[in-house]
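Visitor: I have a structure open and would like to go through it. Can you walk me through a few parts?

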Amino acid sequence: MIVTAAVLLSVATLAVAVNPQKVGSFPVKNAAFTNIYRTVDRKTNKTSYDLLITSFDGVPFSTDYAYIVRDVGRYMDNVGGITPQTLTDKVTWPNEISGVPQNVFNSSMVAIPDGFLVPFKTKGGIKLVNISGSAVGAPVRITEESGEDWFYHRVQWVDMDNDGDYDALTCRARKPLFGSEEGELLWYENPSTPTVRPGWTPHVIAKGPDVYFQYYRLKTPNGTRSCIFTAQFFTKSLSVYWTESGNWMNSGDVKSKVIDNTIGAVFDVTVNDIGNDGYLDLLVTTNDATNGSVLAYEIPPDFRTGTFPRHLLASGFKPRSEGMGKGAPGSAYPIKYIVPPYKRPFIVSGDDDGRAYVLLCTSYDWTYNLSPFLDVGQGTVGQITVEDVNEDYKLDIFVPAYDQGVVHVYQYNP
């Protein structure tokens, strides 16, 4: 299983929508994760969309890579002509690569969390690469240089201690050869130096969270609270952590609550208005070898005390072939900024079941129909990303096919 893959797009309809149409593909050996880095040139005010890609190999001591396709929108008429630029090969099993918001360092930076449960690739970290110029800088590792086998999958940038700069919020996990799995929710304190330096100070918030999470600020009857929703894969729990003071440095003010621990291995969680009713929901996936699922939870008026009504959107996901660690589906997230007049989500998902799907709402009672638009057989579909990269009011969908060694590109024209 690649710890990846799935996408939810906000679209919505009570009518039948056509599947995305393929516009081409380009080669990337072992393509695994994709993401879009949206940047704005401060001199020209021009927006561009860089496609970020990671690639890794399970063979011990093999070289892994991170790539960039700068201003990928200019290639939409000639996808086959794309040749990604290598960002770095100084990574080990790179996971959810992402762009760092430009206001964090006043420059364009890419964050690469890495490491996984693969022999000789277990020592992960978080590395930052400066891409401001045509060339790229050497990676700077902001996590500890230690002998512990932690792996990292996601980074979000949040001012955790209210000092005016942005810190690196993350989860990490490890699974020793002998003993139980471990996970931690933690943040690395930005040292506020003129240049990015290595070895930021870690602050552990809680034990248990391990891979994916989302930070969000939610309203309550007592004011807005900073909270972190966690999808705890190893401990099979969907949870929320929050701080009553607004400062995560004050550990005594941090509270937590289990939302659901009955749905199996929770894979990913996203906050969005899934029901399109003006109220926020959680979009959740569980990854399983026989019955993975996609679910939605309605967030109550006070998330600290209320219950989260649960809705099953799709189930029955499973790998096409047997193997250690294989499961389906992967991650899921909604994107709501295009495709009028539709008003309810469509969902694209995939992983070791070898497909990417449109999951289309058919009514206003959380009923969805599942329709595949890509099938790579017994291979793995990595983390998909979606954006209107050439601003033509069509969604461009980038689907990494790991075993095929290509990135497929689709377009959705509402």
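Guide: We will take a sheet, then aromatic rings, then salt bridges.

Visitor: Anything to know before we start?

Guide: This is a predicted model, where local features need pLDDT of at least 70 and side-chain atom pairs count only at pLDDT 80 or more, while totals for chains, interfaces and linings use all residues. Residues are numbered from 1 along each chain as its sequence is written, and side-chain values use heavy atoms, with hydrogens and water left out.

Visitor: OK, the sheet. In what order do the four strands come?

Guide: The order is S2-S28-S27-S26, in an open sheet with antiparallel pairing. Strands here are DSSP runs (E, at least two residues), numbered from the N terminus. Two strands pair if DSSP finds at least two bridges between them.

Visitor: Which are the edge strands?

Guide: S2 (21-27) and S26 (385-387), each of which pairs on one side only.

Visitor: And how many bridges join S2 and S28?

Guide: Six, in the antiparallel sense, with S28 covering residues 406-412. Pro27 stands opposite Val406 in S28.

Visitor: Switching to rings. How many aromatic pairs are there?

Guide: The count comes to 16. Rings of Phe, Tyr and Trp (its six-membered ring) pair if their centres lie within 6.5 Å; planes under 30 degrees apart count as stacked, over 60 as edge-to-face and the rest as tilted.

Visitor: What about Phe317 and Tyr357, how are their rings placed?

Guide: Their centres are 5.6 Å apart and their planes stand at 80 degrees, so this pair is edge-to-face. Phe317 belongs to S22 (residues 310-317) and Tyr357 to S24 (residues 355-361), so the contact ties together parts 40 residues apart in sequence.

Visitor: Is Phe317 buried or exposed?

Guide: Phe317 counts as buried, because its relative accessibility is 3%. Tyr357 is buried too, at 7% relative accessible area. Buried means under 20% relative accessible area, exposed over 50%, and partly exposed in between (1.4 Å probe, protein chains only).

Visitor: Which residues form an aromatic cluster?

Guide: One cluster consists of Phe33, Phe56, Trp93, Phe116, Phe151 and Tyr402.

Visitor: What lies over the face of Trp150?

Guide: Arg172, at 4.5 Å from the ring centre. For a charge to sit over a ring, NZ of Lys or CZ of Arg must be within 6 Å of the ring centre and within 35 degrees of the ring normal.

Visitor: Now salt bridges. How many turn up in the whole structure?

Guide: A search finds 18. A salt bridge is a side-chain nitrogen of Lys or Arg within 4 Å of a carboxyl oxygen of Asp or Glu.

Visitor: Where does Glu96 sit, and where is Arg154?

Guide: Glu96 is in the loop between S6 (85-88) and S7 (98-100), and Arg154 is in S11 (residues 151-158), 58 residues apart. Their side chains meet at 2.8 Å, N to O. Both Glu96 and Arg154 are buried.

Visitor: And what does Asp260 form with Arg310?

Guide: A salt bridge, with the closest N and O atoms 2.7 Å apart. Asp260 lies in S18 (residues 254-260) and Arg310 in S22, 50 residues apart. Asp260 is buried at 10% relative accessible area, whereas Arg310 is partly exposed at 44%.

Visitor: Last one: which residues are linked in a network of salt bridges?

Guide: Glu144, Arg172, Glu184 and Lys207. Arg172 also lies over the face of Trp150.
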